[in-house]
Amino acid sequence: MNKKFILIQLTGLVLLSLGMLANIVLPVFASDTLYMTHGIAGLMLVGLYFAARNKWEDVARTSRFLVGLGLLGTVIGFRMALSGISPGSAGDVADIQPMVSALVAGMGTAISTTIVGLIGSLWLRMTAWIIR
């Protein structure tokens, strides 16, 4: 591992820590009811392993997978959100609460997976750009 790689990742840890202190990071993971964000974050760590080993083609491939998984999570989240909506019972007050719950859960997954996938991809690309 070279010194630039270590410095970049330490900077990332500081930013992640500040995000956790500001209560920004954990809600992103908590709002994903399918835990896809955890898998995407794990894949980012695999990409960092490749970067530490100077396997730049694997880093680029992992970065593309992160974006793709983030977008897949968005589609799945939207599907979850829409699956709870029943147009026929939208006028019934008792049926609105479950529809809103499904909508919020689906949107949480959609937004969280997009955020984690894009940040992971950008971090890997930035690491590769600085080191190579």
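Searching the whole structure turns up one salt bridge. The model is predicted, and the tour starts at that pair.

**Stop 1: the salt bridge.** Select R61 and D58 and show their side chains. The two meet in a salt bridge, with an N to O distance of 2.6 Å. Side chains of opposite charge can pair when their charged atoms come close. Both residues sit in helix α4, which covers residues 56–83. They are three residues apart there, so about one helical turn separates them. How exposed is R61? R61 has a relative accessibility of 36%, so it counts as partly exposed. D58 is also partly exposed, as its relative accessible area is 23%.

**Stop 2: the whole chain as a cartoon.** Zoom out and colour by secondary structure. The protein contains five helices and zero strands. Read from the N terminus, the order of elements is α-α-α-α-α. The radius of gyration is 18 Å, whereas the globule rule gives 14 Å for 132 residues; the protein is therefore more spread out than a compact globule. Along the principal axes, the C-alpha atoms fill a box of roughly 60 × 30 × 15 Å.

**Stop 3: the surface.** Switch to a surface view. What share of the 132 residues is buried? Buried residues account for 34% of them.

**Stop 4: the end of α1.** Select L21, which belongs to helix α1 (residues 3–21). L21 is exposed, with 74% relative accessible area. L21 and A94 are 73 residues apart along the chain, and their C-alpha atoms are separated by 39 Å.

**Stop 5: two loop asparagines.** Most residues other than glycine have a negative phi. Select N23, in the loop between α1 and α2 (25–30). N23 is not a glycine, yet its phi is positive, at about 60°. N23 is exposed, with a relative accessible area of 53%; the cut-off for exposed is over 50%.

Then move to N54, in the loop between α3 (36–52) and α4. What is the phi of N54? The phi of N54 is near 60°, again a positive value in a residue other than glycine. With a relative accessible area of 48%, N54 is partly exposed.

Stop 6: Select S121 in helix α5, which covers residues 93–131. Is S121 buried or exposed? S121 is buried, with a relative accessible area of 2%. Next, show the residues around S121. Setting aside neighbours within four places in sequence, the contacts of S121 are S63, L66 and V67.

Stop 7: Finish with contacts across the whole protein, keeping pairs at least 6 apart in sequence. Of these contacts, 77% join residues at least 24 apart.

Definitions and conventions. Residues are numbered from 1 along each chain as its sequence is written. This is a predicted model: local features need pLDDT of at least 70, side-chain atom pairs count only at pLDDT 80 or more; totals for chains, interfaces and linings use all residues. Side-chain values use heavy atoms; hydrogens and water are left out. Helices (H or I, at least four residues) and strands (E, at least two) are DSSP runs, numbered from the N terminus. The radius of gyration is taken over C-alpha atoms; the globule rule is 2.2 Å times the number of residues to the power 0.38. Buried means under 20% relative accessible area, exposed over 50%, partly exposed in between (1.4 Å probe, protein chains only). Contact means heavy atoms within 4.5 Å. A salt bridge is a side-chain nitrogen of Lys or Arg within 4 Å of a carboxyl oxygen of Asp or Glu.
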